There are 2 protein chains.
Amino acid sequence: MPTIYLAGPEVFLSDAQAVMGEKRRLARSFGFEPTGPGSDENQAPVTLLTAEAIYRRNENAMRRADICLANITPFRGISADPGTVYEIGFMIALGRKVWAYTNHPDDYGTRVRSIWYAGLEIDESSGRPRGPDGMAIENHGKADNLMIDAGIEAIGGRVVRALAFPADPARDLTVYSDALRQLAQAD
Amino acid sequence: MPTIYLAGPEVFLSDAQAVMGEKRRLARSFGFEPTGPGSDENQAPVTLLTAEAIYRRNENAMRRADICLANITPFRGISADPGTVYEIGFMIALGRKVWAYTNHPDDYGTRVRSIWYAGLEIDESSGRPRGPDGMAIENHGKADNLMIDAGIEAIGGRVVRALAFPADPARDLTVYSDALRQLAQAD
């Protein structure tokens with residue numbers, strides 16, 4: 001049974017154990033053995049661990065895993081949780097199979113316009129759209145920064161996106177389940 | 001001369017070429033051969049490249065480089081540019097020397113409180129501070145998500161932080177120069 005590292009910011013939720021438990025249950029139902037942040041139920045709770053100990057635990061789990069499935073739903077802003085992004089890059093460099101999913105249906109560029117610049121005028125006069133502060137806006141139709149999407153796609157992975165924004169994007173597992181199903185079929 | 005991959009969001013600046021040119025000049029002055037996003041001056045401009053081509057160019061540069069020096073100054077939010085975070089994880093997994101610097105003096109947890117929650121009440125009653133939405137706030141005194149700081153520190157790298165927020169955090173190269181100096185001495 002392949003081991004799957006479930007990367008994502010669920011550890012920060014008020015009901016983290018319930019949501020992560022359900023993610024692990026779903027992973028097993030598709031034939032994967034889950035690991036990743038918060039998945040070592042018999043270990044010390046994260047509140048008692050130093051940053052260094054949490055890092056070591058996660059890095060060891062990444063090195064032992066065959067697959068990464070990362071939740072890149074925007075977290076506290078317009079992009080994925082940075083810890084999750086670190087893990088995507090790390091596992092791609094290790095040569096693992098890496099997929100991602102997001103509960104946000106919009107492109108990164110659309111979120112920069114609608115959320116970060118909140119509807120302010122965008123300069124479209126050159127080949128590259130720019131915000132009122134002159135900063136270029138990625139325009140590649142990707143779910144997040146192109147390094148994430150193109151890095152995953154370069155190794156044959158997929159970024160599975162929601163068709164619509166769910167009521168509870170931090171907890172909705174519809175797109176997660178769909179990604180697991182696709183991963184199981186692609187194996 | 002060791003090759004240094006200069007990771008950071010400077011490619012998005014209105015004066016990207018000037019800022020990146022100065023970063024390359026400074027890297028050379030400390031004995032490093034710079035590479036990274038936007039550093040192949042004879043290649044097609046980034047506006048003419050697909051996401052896939054930009055990714056390949058950056059991944060090739062990462063694989064050729066000995067060192068990564070990443071600008072993790074918050075970009076469009078409270079955390080580092082996600083493309084840069086991907087590159088940090090990728091190069092640590094490749095076994096390269098990775099350092100980072102930031103022009104923001106505050107801990108990640110301080111930014112979550114002051115910027116994301118904008119002074120709203122934080123629940124400090126348990127061992128783990130939580131925002132009004134119940135989400136836990138990392139409390140490890142790190143510059144960003146612990147995976148970034150602890151990942152760099154686990155391999156002997158350093159995260160060099162500004163002592164005060166500069167007037168132009170997207171362009172100020174004081175902390176960058178300091179990181180280069182420390183890197184050159186540590187070599």
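This is a predicted model: local features need pLDDT of at least 70, side-chain atom pairs count only at pLDDT 80 or more; totals for chains, interfaces and linings use all residues.
Buried area is the accessible area, taken with a 1.4 Å probe, that two parts lose on being put together, summed over both.

## Two domains in chain A

Chain A is split into domain 1, made of 3-106 + 146-186, and domain 2, which covers 108-141. Between the C-alpha centres of domain 1 of chain A and domain 2 of chain A there are 28 Å. Seven residues from domain 1 of chain A and nine residues from domain 2 of chain A take part in the contact.

Putting domain 1 of chain A and domain 2 of chain A together buries about 750 Å², and carbon and sulfur atoms give 56% of that area. On the side of domain 1 of chain A, A:Ile78, A:Asp106 and A:Leu146 supply 74% of the area buried against domain 2 of chain A, more than any other three residues.

Sorted by class, the side of domain 1 of chain A that touches domain 2 of chain A has three nonpolar, two polar and two charged residues.

## Where chain A meets chain B

Now for the contact between the chains. Here 53 residues of chain A are in contact with 53 residues of chain B. The area buried between chain A and chain B is about 4,300 Å², with 67% of it coming from carbon and sulfur atoms. Of the area that chain A buries against chain B, A:Arg76, A:Tyr86 and A:Met147 supply 20%, more than any other three residues.

The rule finds two salt bridges across the interface of chain A and chain B. One salt bridge joins A:Lys142 to B:Glu52, with the closest N and O atoms 2.9 Å apart. Polar contacts between chain A and chain B come to 15 residue pairs, with both residues at pLDDT 80 or more.

Which elements give two or more residues to the side of chain A that touches chain B? They are helix H2 (51-64), helix H3 (82-93), helix H4 (108-116) and helix H5 (146-154) of chain A. H3(A) gives the most to that side, with ten residues. By class, the side of chain A that touches chain B has 31 nonpolar, twelve polar and ten charged residues.

## Salt bridges within the chains

Over all chains, the structure holds 23 salt bridges. The table lists some that lie within one chain.

| Salt bridge | Closest N and O atoms |
|---|---|
| A:Arg171 with A:Asp168 | 3.5 Å |
| B:Arg171 with B:Asp15 | 2.9 Å |
| B:Glu59 with B:Arg63 | 2.8 Å |

In chain A, a network of salt bridges links A:Asp15, A:Asp168 and A:Arg171. A:Arg171 counts as partly exposed because its relative accessibility is 25%, and A:Asp168 is partly exposed too, at 32%.

In chain B, B:Arg171 forms its salt bridge with B:Asp15. B:Arg171 sits in the loop between strand S5 (159-161) and helix H6 (174-186) of chain B, and B:Asp15 in the loop between S1 and H1 of chain B, so the pair ties together parts that are 156 residues apart in sequence. B:Arg171 is partly exposed at 26% relative accessibility, and B:Asp15 is partly exposed at 28%.

B:Glu59 and B:Arg63 are four residues apart in helix H2 (residues 51-64) of chain B, about one turn of the helix. B:Glu59 counts as buried because its relative accessibility is 15%, under the 20% cut-off. B:Arg63 is partly exposed, at 39%.

## A buried glutamate in chain B

B:Glu10 is found in the loop between strand S1 (3-7) and helix H1 (16-29) of chain B. Is B:Glu10 buried or exposed? B:Glu10 is buried, because its relative accessible area is 5%, and buried means under 20%.

What does the side chain of B:Glu10 make a polar contact with? Its partner is the side chain of B:Asn71, at 2.8 Å. Leaving aside neighbours within four places in sequence, B:Glu10 is in contact with B:Ala16, B:Val19, B:Met20, B:Lys23, B:Asn71 and B:Tyr101.

Key
Residues are numbered from 1 along each chain as its sequence is written. Chains are lettered from A and ligands numbered from 1 in the order in which they are written. Side-chain values use heavy atoms; hydrogens and water are left out. Buried means under 20% relative accessible area, exposed over 50%, partly exposed in between (1.4 Å probe, protein chains only). A polar contact is a pair of N or O atoms within 3.5 Å; within protein, one must be able to donate a hydrogen and the other to accept it, and residues adjacent in sequence count only if both atoms are side-chain atoms. Contact means heavy atoms within 4.5 Å. Domain bounds come from an automatic or database domain assignment. Ala, Val, Leu, Ile, Met, Phe, Trp, Tyr, Cys and Pro count as nonpolar, Asp, Glu, Lys and Arg as charged, and the others, Gly among them, as polar. A salt bridge is a side-chain nitrogen of Lys or Arg within 4 Å of a carboxyl oxygen of Asp or Glu.
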